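Visitor: Let's go through this one together, please, starting with the aromatic side chains.

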Amino acid sequence: MSYNQLYINGQWLTPKNGQTFSSIDPSNEQEIAQVAAASVEDAELAVQAARQAFDQTDWSQQPKQRAVYLRAIAQEIRQQLDQLAEIEVRDNGKPLPEAVWDIQDAAGCFDFYADLAEQLAENQDEQIPLSDERFSSVVCKEAVGVACAIIPWNYPLLMAAWKVAPALAAGCTLILKPAEATSLTAMELGRIAEKVGLPAGVLNIVTGIGSEIGPYLTAHPEIDKVAFTGSVPIGKQIMQSAAHSVKNLSLELGGKSAFIIFADSDLDAAVEWIMFGIFWNQGQVCSATSRVLVEQAIYPELLKRLAEAAQKIKIGQGLEADVKLGPLVNAKQYQQVMNAIQQGKQDGVTLMSGGKRPAHLAQGYYVEPTIFMDVPVEHPLWTDEIFGPVVAIRAFETEQEAIQLANQSIFGLAGAVMSKDMARCQRVAGKLRAGIIWINCSQPTFTEAPWGGYKQSGIGRELGIWGLENYLEIKQITSYDSDQPWGWYNS
């Protein structure tokens with residue numbers, strides 16, 4: 001299938017400059033397709049299409065009709081589940097069961113926000129009691145306007161859904177900029193939008209090099225809202241760019257989440273959740289619990305069991321049966337992860353397991369599940385987001401020490417705690433400075449619950465009702481209802 005055109009104003013357009021870039025299968029380093037590389041001129045067309053659809057149509061005034069479109073998109077995603085999942089595996093590298101899960105979640109996200117669009121229609125105006133009975137006041141929720149959504153490569157279609165579904169539900173029009181490493185399912189979403197008859201200009205999809213069109217979009221005076229998921233450095237650049245026109249901004253950035261495991265925990269369950277927390281999606285997860293704090297009494301035994309289990313993980317191409325760990329997304333990410341591992345080894349940090357390319361895989365961006373133990377708290381393995389299958393582990397003696405170490409980070413996206421003592425779990429959860437806390441698990445994510453972090457992990461929340469509110473403005477309408485003159489001029 002061809003991916004050499006852009007989806008703008010309900011049409012498939014060849015980039016003005018005629019340029020494309022390669023989409024690479026990370027399992028074998030071979031080209032999958034040529035993808036359209038939008039120019040600034042193309043980005044401008046997308047902005048004007050979205051602007052016109054918002055300003056000159058009644059899209060933002062029809063929440064029930066928006067719900068119909070969102071449900072149609074969800075249904076179409078489910079009907080194309082197998083095809084979309086296979087594209088995701090080839091484009092991103094993740095194992096097929098994970099890709100299937102992601103596509104199902106994406107469909108569920110569109111259904112969820114269809115429900116909220118209908119609720120918006122029913123509860124659009126809220127009467128506010130005032131201290132002066134001569135006045136009445138109503139609060140309305142209205143779409144923020146034209147939004148630009150920039151998404152990462154680790155969950156390509158799902159991250160698109162997290163932004164497209166609530167933006168459309170709110171009544172916004174949208175320019176979607178997918179990551180150049182994984183643009184294919186975003187373009188398939190454009191085909192789905194076209195198939196269900198989404199009005200022209202409501203959703204525009206521009207693929208291309210982020211450094212070329214990203215700054216243009218985020219600074220554009222006719223874009224009202226920027227929603228970005230990605231790295232902290234790029235998030236900071238977007239924040240600076242958006243400041244010039246004081247844009248509505250939401251940022252979901254990096255993390256270095258801690259997982260505190262107390263001595264009364266079930267060891268088998270602890271091993272399972274540690275691995276899921278860092279090896280799921282090859283560790284390319286912003287919320288990955290990549291720092292593990294283990295109470296000293298079980299530290300040696302837990303490390304032994306974890307290393308044994310990690311070495312049994314099947315690594316390979318994502319379409320192969322029983323594969324649990326696929327390749328990293330591209331050569332750049334592979335090299336960054338390998339550099340971090342090499343630095344740890346050079347600095348004398350104890351490598352307990354993994355740390356290299358699997359011997360049986362000569363091609364592809366594969367990294368063994370990697371475990372470093374006794375990691376110093378000042379070392380980059382402990383402080384920096386590696387975004388790969390690399391976990392840093394150290395022991396602790398007291399609850400207070402564990403909480404202090406967990407909170408000692410510039411990030412605050414997520415955290416986890418494990419213990420059979422639920423009172424302790426709740427106490428620790430209350431003290432962890434992060435936006436998402438898991439008890440006796442790691443990484444389960446639900447569309448209904450808010451997603452976002454403290455500190456340098458971002459601004460705002462996605463998912464749930466909070467995700468919809470990202471794309472809404474609050475308007476006060478106050479009326480003077482008395483028959484008597486106000487009397488200020490003649491008083």
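Guide: Rings of Phe, Tyr and Trp (for Trp, its six-membered ring) count as a pair if their centres lie within 6.5 Å, and planes under 30 degrees apart are called stacked, over 60 edge-to-face, and the rest tilted. This is a predicted model, in which local features need pLDDT of at least 70 and side-chain atom pairs count only at pLDDT 80 or more, while totals for chains, interfaces and linings use all residues. Residues are numbered from 1 along each chain as its sequence is written, and side-chain values use heavy atoms, with hydrogens and water left out.

Visitor: OK, how many aromatic pairs turn up in the whole structure?

Guide: A search of the whole structure gives 14 aromatic pairs. In one of them, W101 with W280, the ring centres are 5.2 Å apart and the planes stand at 80 degrees, so the pair is edge-to-face.

Visitor: And where in the chain do W101 and W280 sit?

Guide: W101 is in helix 4, whereas W280 is in the loop between helix 9 and strand 13 (291-295), so that the pair links distant parts of the chain, 179 residues apart. Helices (H or I, at least four residues) and strands (E, at least two) are DSSP runs, numbered from the N terminus.

Visitor: Switching to sheets: in what order do the seven strands come?

Guide: The seven strands form an open sheet of mixed pairing, in the order 14-15-16-13-12-18-19, where two strands pair if DSSP finds at least two bridges between them. Strand 14 (350-353) and strand 19 (436-439) are the edge strands, each pairing on one side only. From one strand to the next, the twist averages 25 degrees, with axes taken as lines fitted to C-alpha atoms (for helices over the stretch in contact) and angles running from 0 to 180 degrees between N-to-C directions.

Visitor: Which helix packs on that sheet?

Guide: Helix 11 (residues 331-346) does, touching strand 14, strand 15 and strand 16, and its direction makes about 30 degrees with that of strand 15; contact here means heavy atoms within 4.5 Å. Strand 15 (residues 370-373) and strand 16 (residues 390-396) run parallel and are joined by four bridges, and F372 stands opposite A392 in strand 16.

Visitor: What about the three-strand sheet, parallel or antiparallel?

Guide: The pairing is antiparallel, in an open sheet with the order 5-6-22. Strand 5 (125-128) and strand 22 (472-480) are at the edges with a single partner strand each, so one side of each has no neighbour in the sheet. Strand 6 (residues 135-143) pairs with strand 22 over nine bridges, and V138 has I477 in strand 22 as its bridge partner.

Visitor: New topic: how many cavities of 30 Å³ or more are there?

Guide: There are three, a cavity being a set of points, on a 1 Å grid over the protein atoms alone, where a 1.4 Å probe fits but cannot get out, with lining residues having an atom within 4 Å of a point. The largest cavity has a volume of about 110 Å³, that is, the space filled by probe spheres set on grid points joined across faces, edges and corners.

Visitor: What lines the largest cavity?

Guide: It is lined by 17 residues, and A258, R291, A406, A414 and A434 lie nearest its centre. Strand 18 contributes the most, with three residues.

Technical notes:
1 Å grid on protein atoms, 1.4 Å probe; cavity = no way out; pocket = protein on both sides within 12 Å on 5 of 7 lines; lining within 4 Å.
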